[in-house]
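Here is a short note to read beside the model. Please keep the sequence and the 3D view open as you go through the points.

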Amino acid sequence: MTLKLYVDRMSHPCREVIIFCKLNGIDFEEVHIDLSKRQQRSPEYREINPIRKIPAIMDGRFKLSESHAILRYLACAFPRIADHWYPTDLYKRAKVESVLDWQRTTFPSGSGSYVFHSVLGPAVGIPLNTKAAARTEKNLIASLALIESVWLQKKGRFLLGSDQPSIADLSLACEIMALEVLDDKDHERILGPFKRVLKWLDDTKNAMAPHFEEVQSTLSNYKEKVQKQRNTVGSKITQSGGKPVLQSKM
Ligand SMILES: N[C@@H](CCC(=O)N[C@@H](CS)C(=O)NCC(=O)O)C(=O)O
């Protein structure tokens, strides 16, 4: 039976799982759970994941949620997955685990939240929140500094000094790449100072080509849409001398 992925490509944990399957030639069916329509709250989806979050998978009769648990499961359950993704060597695996755990405990108030409060919220029906965005920006900058000084210190191109990417590279890169949706000025202000992070992101994208960019393109398309809306509102404000021009719906 084909593996089913319950996902929305707007969500970074979902993108991680899709990219992993594509990179490793795992056959899957993508079931779209539309966050903007709150389909994760539907009774049907509750049967798949009672926690009502995405991603989730169904492999035969086995159901699983939590992106990191899913990545670990896929890396072990499917044949011929290259060892570098989730090393069998206990010490190497433990190090990969430490990055994954750090990411889930530290980053929820980092890039994901920042992007959510400053751009993505309306995509799932939640208004933007500039105060929360400012609060999370601090945490995000501190996390980027830590990635640069701790995880990217060694010689290799990838996290922990490795020459090939692991599921920790995939997951962390997907989370940080959510920042792509910011306008260019904010993106440069936040990521610009972190040259090693930028180089690692490039190396990760290249090592995972073409699937990384292809799956990430949902976000780039959303950015274009937001940009167009900003420009339209901006030009209406200019035309009206400061106040947005509100169009009649009729
Ligand atoms: N720790 C979870 C996070 C899952 C999660 O928060 N997913 C979000 C989308 S990015 C979601 O389903 N949100 C819907 C909701 O909270 O109602 C994972 O890594 O899978």
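1. Start with a helix pair. H1 and H3 pack with their axes 9 Å apart, at an angle of about 10°. Axes are lines fitted to C-alpha atoms, for helices over the stretch in contact, and angles run from 0 to 180 degrees between N-to-C directions. H1 is therefore roughly parallel to H3 (the term covers angles under 35 degrees). Helices here are DSSP runs of H or I, at least four residues, numbered from the N terminus.

2. Which residues make this contact? H1 brings Pro-13, Glu-16, Val-17, Phe-20 and Cys-21, while H3 brings Ser-67, Ile-70, Leu-71 and Leu-74. Two residues are in contact if their C-beta atoms, placed from the backbone, lie within 7 Å. The set divides into seven nonpolar, one polar and one charged. Ala, Val, Leu, Ile, Met, Phe, Trp, Tyr, Cys and Pro count as nonpolar; Asp, Glu, Lys and Arg count as charged; the others, Gly among them, are polar.

3. A word on the source. The model is predicted: local features need pLDDT of at least 70, side-chain atom pairs count only at pLDDT 80 or more, and totals for chains, interfaces and linings use all residues. Residue numbers run from 1 along each chain as its sequence is written.

4. Now the domains. The chain is assigned domain 1 (3-81) and domain 2 (84-209), with bounds from an automatic or database domain assignment. Their C-alpha centres lie 21 Å apart. Each domain gives 15 residues to the contact.

5. H1 gives the most, with six residues. The residues on this side divide into eight nonpolar, four polar and three charged.

Terms used: Helices (H or I, at least four residues) and strands (E, at least two) are DSSP runs, numbered from the N terminus. Angles under 35 degrees count as roughly parallel, over 145 as roughly antiparallel, 65 to 115 as roughly perpendicular and the rest as oblique.
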